[in-house]
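Please look over the structure shown here before reading the notes that follow. They take up a few local features, chain by chain.

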Amino acid sequence: MKLHNWWNDFGKELSDPDKLSSDLAKELVSQVTNYVVPGVNIVSLRQSAAMGCSGVFINIEVERPQDLAYPIQAVEPIAVILPFDKRQPSVLSLREDFPDTPHQNWVPSGKPRALCIDDRPWEEARLTATGFDIVRRIQVWLSNASRGELHDTAQPPEPLFFFSARTIVLPSSAMMENPEPVELVGIIHEDNPNFVFTIEASYVGVPPNITVVAIKARPQDQERIRHIPNSLSSLASELENCGIDLYDKLKTVLRNWAGIEDSEIQRLSTRLAIVVTFPLATEQQGPVNDVRAFITDQSAGEIGVALGVLHTNNSNVGDCRAYIAAIPVREPINQELRVESAQVHYRVSREIAAMLSGRKKPDNRRAVLVGAGSLGSQLSLNLAREGALAWTVIDCDILLPHNTVRHALHFDDIGTQKANALANKISGVLDERVEPICCNLFHPDSGSHDRLEKAFKDAEIIIDTSASVAMSRHLCDLHNVHARRICAFFNPAGTSAVLMVENTSRSITLRDLEAQYYRNLICDRRLIHHLETEYPGVRYSGSCRSLTNQIPASNAALLSALISQGVKRVLETEDASISIWTLKDNGEIELVNFDGTPVTIKSTDEWKIVYDDELVSNIMAVRSEKLPNETGGALLGITDMNAKFIHLVHALSQPEDSSGTRSGFERGVFDLRNQVTKAMTMTMDQVRYVGEWHSHPEEALATPSPTDLEQLNWLREEMEFEGLNGLVAIAAADGSFSLVLSSDVLAEVSQN
Amino acid sequence: MTAKITFHPLGNADCTRLDLSDGQKLLIDFADVRNPNDPSDLRVDLAKELTDDLRASKRDHYDVVLFTHLDDDHCHSACDFFWLDHAIKYQGAGRVKIRELWVPAAAILEEGSKDSARVIRQEARYRLKKGNGIRVFSRPEKLKDWLAENGLSLESRKHLITDAGQFVPGYSTDRPEKVKFFIHSPFGWRQDEEAIIDRNQDSVVFQATFMEGHRETHAMFMSDIDYESIDQIVETTKRHRNTERLLWDVFKIPHHCSYLSIGPEKGDEETKPSAGMKWLCETQARVRGVMMSTSDSIPVKGSDEDNNPQPPHRQAAAYYKRVVKMIDGTFKVTMDLPSPRKPKPSTIEITSRGATPLGGSVIVGASNVTTSTTRAGSAAK
């Protein structure tokens, strides 16, 4: 096996793991060297100050079957590159001949292959990221690769090519079967030079700068291409495999375009966009296209000259910028003609109708909207149309064609910043200034910093419609911001809307409500299907994360409207609440309301542990039922590895093979795993096993007994792999309740 | 459900559990050798591991318990763990029942055994007399005298005896259990007119063939036999043109990685295999097969353990490592899995792509590997 040279060129070798600047790297190294992570060993460490990254070279044992789908070795050399600033780590195979598999990230040629071990945005993933978690994901990735299971059948096939930096928007007519290549005119949007919008060439009044030649390739086998063509010659050889003679096609087109008319001069002065549809054969889903555009550096005329079919107009007749057909055809000039690839998006031709009518209710409170997506745009416009709230809009995305199906913004905003466009629309409704802030809240640029701070400080209400758990928690934790937080989102199936609102004093926060929401999902029979999804998402381009949900516009609109009404209602109260609307198959809407319940926060040096009154009263009820015997069970909760929060969510009852007496309790195991898995499934893995609870009899205190401490030690060992500490909760008489958290130093959380 | 083979870290001692596709559980040997009073003893608490596994699947019995032979490292403390029919002393709450007990003939015939070996012998004799819940591996004639002494005819017990060269009745790869067992030993060559019963040679050696999808996966369970017995098995199998019955994807290494199961001389760096053993390891191995040594960690050269005559032997391990290198396979030691600091039971899953040793993924259990998000619309970033 030959190792990739790249590793030895990366920064400098380190012998002392303490010198690693990335904390995650340090944690990874320590977990591997202490055998916390099995099947892995450290080969070497390097660090590059220039790149701001620590590098850990590990050998990973792969769980692989005998019959390999891809040639994965029993032990794979992997470099985990961890940025100092806690950005997303990359995972590189250091094996020079590592196979071409699905789920790799694009890399420039000559660099080691990069494994895409996690589809989630990093801001979500890092909530649970530990050294162990990263290694386990690599192990799972490699194992799945060896079994040929990387390619989830719910997903469309991999694209033929890697990611393109540019994006081009085409009308669907461009891809119809045509005897001649379709000619279009491209417009580069002012906002975004990488974004090309096209219309048919016959549409007059727009000066052309790009002319499109559309080509449909023959279906071909799913043999992926590593790097996208970057010159006309490499594109031509690629297309040759698909049965297309690119040069012949271009020569024909360009010869036909020759002439001294103004339109001909103009057309040949534009750049070419060669748009190729590559049909991908898939067994499960029928044909799917990977559509790419290749935009030339040179003008059409210059390319014609290079191909020997045109020459410049040297005669005295007509415009000297014109090109004349070369007769006879000359030999092509040996010259590299560069092309730049662009991801193709189709224009959505459907209209979106606003279905709400306003009901005036003056409300001048200042609100910050975070997330100008489908829900955020509709919610804010609904409320604005009713004269409610003075808005600031924060979002970092641009509007793509597929957004417009469910978005309040329209076709003509495509390519603009959502925040700008939405602020404009709201502004138009309210006839007052609405401030847009186009930035990523997790990583605000310096220009946005002061504006953000002011917006949050002035706000009375913050409405989170970002559809991101990480964002909700981030907003919840903002320091010195007193605004009441509201969070609204759709479930993944788009059949339910959820609205969570803090109380005005903020003693019950969005984090607390999130935990209570999950408990309701686990316990309330009306919500058992809440997070189920029947359909996979839809790809709108060829990268792993380009997934949008399949939700009817009518659902999004209806749910947005329900949330709009809900927001108006809760803004009239001071209490915390959770509302969940569910659209039934028969057209009914079911509303389930929960009051937010008060919480208790216990802190250790490292962790903040939060539980609420309802959890305790549930536990006390089970305890009373089993008296005089002890009882207990597993504890489920949310762990936020980033902010070091543990929220207790739910206490499971004792498994049926448990034995409880007056002096002791031994928790059984029957069906436990199934129950934990069920709770995890119902909450899409947001909730997990965090420890154990049990009751003490009438005469005993809630302080831990020696047996309890033994259990805690056991828990600590079991959960060490997860970078977590085991929790033991003890319930005793008169509602007394204590928590013991295992960490290196046992820290008892004081009793109620 | 796919079948699984689970090995337990017991130092130089054995216990392997087979979980079949239809939910049946079979146990091969049981040696609970850990010293509960020694906190530095890293060997697994076998009784607890097995009890937890049974509880989780709501069972109180094994469908089959096979003792390949009755050396202490294969049956230690068995009399404390199992419910035995022959004496009330071995019956009581929490004891694990055995639907069918499988033993070699030696376990019936042998005199003078002690402790658990004696108790298992009594149980096997009791069941054979009773005529059910037992299977004996032997040439039937070998048991004729003993049966006669106990007033029984060979004819009446023949259906409970399986000779070498036969499949164990009642198992098929076409039925839900999706497995069959072919018996290689004990076999007639060795068992005729032996004055002293050498228990290792009267060990049960067998091939389990699993079927998953259209893929056959073969596991060779070599018990504690030595190279001479292996040579004889190879020769006999070739003579009967049954060589596919010695193919292996999983190879339970004989006798805790002793050199004597490979060849007569230990060697300095690597034990040289006898002709039969060489053929078995090098020709009959299938690509990316797994060799499992149920033993202590392999000693480092020059260490105290290296000079100890007891297995595992570094030179034997060196040979097996060379074999797995040839087939791109893996060599594993139970006491090193998943890490020598904290050994745990290790499982090989039988999939439609063959044997897959599970590493980290089984330990983590219920932790999440979700890659989608709970709120609609948050995908593109």
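Which residues does A:Ile117 touch, not counting residues up to four places away in sequence?

## Contacts of A:Ile117

The model discussed here is a predicted one, and in it A:Ile117 touches A:Val91, A:Arg137, A:Ile138 and A:Trp141, residues up to four places away in sequence being left out of the count. A:Ile117 belongs to the loop that runs between strand 7 (114-115) and helix 3 (122-125) of chain A.

Although A:Ile117 is a loop residue, A:Ile117 is buried, because 25 other C-beta atoms lie within 10 Å and the threshold for that class is 20 or more. One of the residues it touches, A:Arg137, is 20 residues apart from A:Ile117 along the chain, and the C-alpha atoms of these two residues are separated by 5.9 Å.

## Strand 4 of chain A and its partners

Strand 4 of chain A and strand 5 (residues 90-93) of chain A pair in the antiparallel sense, with four bridges between them. These two strands form a hairpin in which six residues lie between them, and A:Lys86, placed in the turn, has a positive phi of about 65°.

Strand 4 of chain A also pairs with strand 3 (residues 53-61) of chain A, again in the antiparallel sense, here over nine bridges. Within this pairing, A:Ile60 has A:Glu76 of strand 4 of chain A as its bridge partner. Of the nine residues of strand 4 (residues 75-83) of chain A, seven are buried, and therefore this strand is largely enclosed by the rest of the structure.

## The sheet of chain B

Chain B contains an open sheet of nine strands with mixed pairing, and the strands follow one another in the order 7-6-5-4-3-2-1-14-15. The edges are taken by strand 7 (161-162) and strand 15 (354-357) of chain B, each of which has a single partner strand, so one side of each is left without a neighbour in the sheet.

Inside this order, strand 3 (residues 25-28) of chain B and strand 4 (residues 61-66) of chain B pair in the parallel sense, with three bridges. B:Leu26 stands opposite B:Val64, a residue in strand 4 of chain B.

## Backbone features in the loops of chain B

The bond from B:Pro311 to B:Pro312 is cis, with omega near 0°, and B:Pro312 is placed in the loop between helix 11 (304-307) and helix 12 (314-326) of chain B. The bond from B:Leu337 to B:Pro338 is likewise cis, with omega near -10°, and B:Pro338 lies in the loop between strand 13 (330-333) and strand 14 (346-351) of chain B.

Positive phi values occur at B:Arg241, where phi is near 50° in a residue other than glycine, and at B:His255, where phi is about 50° although B:His255 is not a glycine. B:Arg241 is found in the loop between helix 9 (227-239) and strand 11 (248-252) of chain B, while B:His255 is in the loop between strand 11 and helix 10 (275-283) of chain B.

Are these two residues buried or exposed? B:Arg241 is exposed, with 8 other C-beta atoms within 10 Å, whereas B:His255 counts as buried, because it has 28 C-beta neighbours inside 10 Å.

Technical notes: Residues are numbered from 1 along each chain as its sequence is written. Chains are lettered from A and ligands numbered from 1 in the order in which they are written. This is a predicted model: local features need pLDDT of at least 70, side-chain atom pairs count only at pLDDT 80 or more; totals for chains, interfaces and linings use all residues. A residue is buried if 20 or more other C-beta atoms lie within 10 Å of its own, exposed if 12 or fewer, and partly exposed in between; C-beta atoms are placed from the backbone. Two strands pair if DSSP finds at least two bridges between them. Two residues are in contact if their C-beta atoms, placed from the backbone, lie within 7 Å.
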